[in-house]
Amino acid sequence: DGLRVEVARVPHLRNKMAGLLSLPGSTPLTLTLLNSPDATAALARLCAHGLPDVVLAFSSSMAAFAMRPPLDRLPMVLDFVDVDSEKWQALGETARWPMSWIYRREHRTLQAFEAQAARTAYVSVLTTERERQALLRFAPDVRAEVLPNGIDLDRFRRPPDAVTEPRVVFTGVMNYEPNADAAVWLGREIWPLVRAQRPDVWLDIVGTSPTPAVQALHDASAHVNVTGSVPDVRPFLWRAHVAAAPLRVARGVQNKVLEAAAAGLPSVVSSVVLAGLPAELRDLCPVADTPQAFADALVRQLGVPVDHHQWSSAV
């Protein structure tokens with residue numbers, strides 16, 4: 001009888017206070033910060049017309065709702081996308097106290113929940129074999145399959161009248177910690193080295209909800225443009241000469257690199273980003289992990305005419 005949609009809002013300020021109070025306990029902050037008091041009633045309304053045959057939970061945080069009544073009696077497909085607890089472990093190794101303690105706590109508590117959710121699910125799906133093996137290391141008894149990411153190639157295909165400019169583009173949700181960290185690293189440590197060799201080039205940091213540290217990078221004199229939310233990311237890809245993906249913490253497949261390639265745009269990536277890419281792109285993407293190496297790789301790409309067809313055909 002048609003699609004039914006319910007919206008359950010997340011009270012962010014209240015959840016942040018609840019998260020602070022929950023730190024002495026064992027509940028992952030992921031579950032606390034994404035909790036919605038409206039979800040129970042919304043699910044009850046959806047199920048009032050009859051229970052579905054199967055539940056799809058997108059990410060471990062949404063699995064928490066699928067593991068409660070009335071959905072807990074139904075088979076669940078859990079789309080992890082990637083194993084989030086591994087990301088928090090990596091952040092815990094590099095951050096300063098007290099964030100290092102919070103990240104390590106999140107790794108420990110979220111991993112325990114991920115194992116419980118995966119054992120509850122009929123099957124768990126992940127974006128790469130690397131992510132599947134990460135899950136199986138701490139939950140070896142679960143059923144897990146790989147379901148690779150995909151993008152709409154036609155939507156991102158570069159229009160024939162697009163004009164390339166001497167620009168580097170970095171895209172993503174800019175309050176997501178790995179993206180925000182990468183943007184700040186790119187803007188503060190890598191970009192001055194690029195401008196020393198190519199003073200004409202601009203950097204576009206494109207994505208919603210930039211943190212204060214990311215917003216502070218916006219500086220016309222330094223040729224850095226922080227856009228915030230934009231209605232469409234594609235024009236920024238189409239006018240750039242090269243994309244950057246300098247994430248120092250990354251899991252799964254970085255869709256930003258797939259989207260850039262579909263737009264006919266090369267990407268310079270870090271080694272942790274490279275590890276999640278399909279083989280066709282791994283053979284094409286320059287890799288760098290230090291500011292100077294990353295800057296040099298960007299400058300090299302800026303000096304080479306882009307074969308847009310080569311990149312779009314790789315995906």
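Modeller: Strand β7 is largely enclosed by the rest of the structure, because four of its five residues are buried. Buried here means under 20% relative accessible area, exposed means over 50%, and partly exposed lies in between, with a 1.4 Å probe and protein chains only. The strand covers residues 224-228; helices (H or I, at least four residues) and strands (E, at least two) are DSSP runs, numbered from the N terminus.

The model is predicted, so local features need pLDDT of at least 70 and side-chain atom pairs count only at pLDDT 80 or more, whereas totals for chains, interfaces and linings use all residues. Residues are numbered from 1 along each chain as its sequence is written, and side-chain values use heavy atoms, leaving out hydrogens and water.

Beside β7 runs β6, residues 202-206, and the two pair in the parallel sense over four bridges. Strands are said to pair if DSSP finds at least two bridges between them.

Beyond its neighbours within four places in sequence, Asn225 is in contact (heavy atoms within 4.5 Å) with Leu203, Asp204, Ile205, His218 and Arg239. With Asp204 there is also a polar contact between the two side chains, at 3.1 Å. A polar contact is a pair of N or O atoms within 3.5 Å; within protein, one must be able to donate a hydrogen and the other to accept it, and residues adjacent in sequence count only if both atoms are side-chain atoms.

The whole structure has 13 salt bridges, each being a side-chain nitrogen of Lys or Arg within 4 Å of a carboxyl oxygen of Asp or Glu. Arg167 and Glu165 form one, at 2.8 Å from N to O. Arg167 is buried, at 12% relative accessible area, while Glu165 is partly exposed, at 31%. Another salt bridge links Arg248 and Asp181, whose closest N and O atoms are 2.8 Å apart. Since Arg248 lies in the loop between β8 and α12 and Asp181 in helix α9, this pair ties together parts that are 67 residues apart in sequence. Both residues count as partly exposed, Arg248 at 43% and Asp181 at 23% relative accessibility. Elsewhere, salt bridges that share partners join Glu165, Arg167, Asp204 and Arg239 into one network.
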